[in-house]
Amino acid sequence: DTGFNPNANDAVFPMAVQPDGKIVVGGRFATIGGVTRNRIARLNENGSLDTGFNPNASGYVNSIAVQPDGKILVGGSFTTMGGVSRNRIARLNENGSLDTGFNPNADIAVFSMAVQTDGKILVGGQFTTMGGVTRNRIARLNENGSLDTGFNPNADSYVNSIAVQTDGKILVGGGFTTMGVVTTRNRIARLTNTDAALQ
């Protein structure tokens, strides 16, 4: 598509398309189209920069998911978003400002996220705590960002990818060799669940 050329100065990792056709992109770039945008930006449908959107992440952005209400979930290795402390996971309002009521607080990087139909948020990465509670590399958050304490699959190594099937079962990929207490699952597993994914 010769008319589309956003021109990021460094790697782009995740992308998500909003219902209005705008494209949220993340990665390790510092400029898009020659304009400063630290690791997260939004493009208009034609690839030009949405100049009103500038969340300003302090570290890499590895994962983006757009909720049905238009809010944007962001995961990565950052410790601030928009100059406010947010450890590796944050939620933005539709205009790119920080959703100040959402602060799950992962201790190490987040790599992947998926939103269930009930609004709960699946999160995978390298982390070993979420909200100060032990959660090894995979966790589920309630819609408000609090930990879903009934969900604890316990992967023994990093989770790179999460996908939810139409029947609600959760596919998990990464570097793990066990999932659950002692169950051998080499790098890919499926978890039982009843709520299907939106993304």
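Predicted model: local features only at pLDDT ≥ 70, side-chain atom pairs only at ≥ 80, totals over all residues.

Student: How many aromatic pairs does a search of the whole structure find?

Tutor: One aromatic pair turns up. The partners are Phe 13 and Tyr 60, with 6.1 Å from centre to centre.

Student: And is that pair stacked or edge-to-face?

Tutor: Edge-to-face, with 70° between the planes. The cut-off for that label is over 60 degrees.

Student: Which parts does the pair tie together?

Tutor: Phe 13 sits in strand β1 (residues 12-17), while Tyr 60 is in the loop between β5 (40-43) and β6 (61-66), so the contact links parts 47 residues apart in sequence.

Student: OK, switching to strands. What's the order in the open sheet of three strands?

Tutor: It runs β11-β12-β15, and the pairing is antiparallel. On average, neighbouring strands in this sheet are turned by 20° against each other, ignoring direction.

Student: Which strands stand at the edges?

Tutor: β11 (110-115) and β15 (138-141). Each has a single partner strand, so one side of each has no neighbour in the sheet.

Student: How many bridges are there between β11 and β12?

Tutor: Five, in the antiparallel sense, with β12 covering residues 121-125. As one example, Ala 114 has Leu 122 in β12 as its bridge partner.

Notes. Residues numbered from 1 in each chain as written. Heavy atoms only, no water. Phe/Tyr/Trp six-rings, centres within 6.5 Å; stacked < 30°, edge-to-face > 60°. Helix = DSSP H or I, 4+ residues; strand = E, 2+ residues; numbered from the N terminus. Pairing = 2+ DSSP bridges. Axes fitted to C-alpha atoms, helices over the stretch in contact; angles between N-to-C directions.
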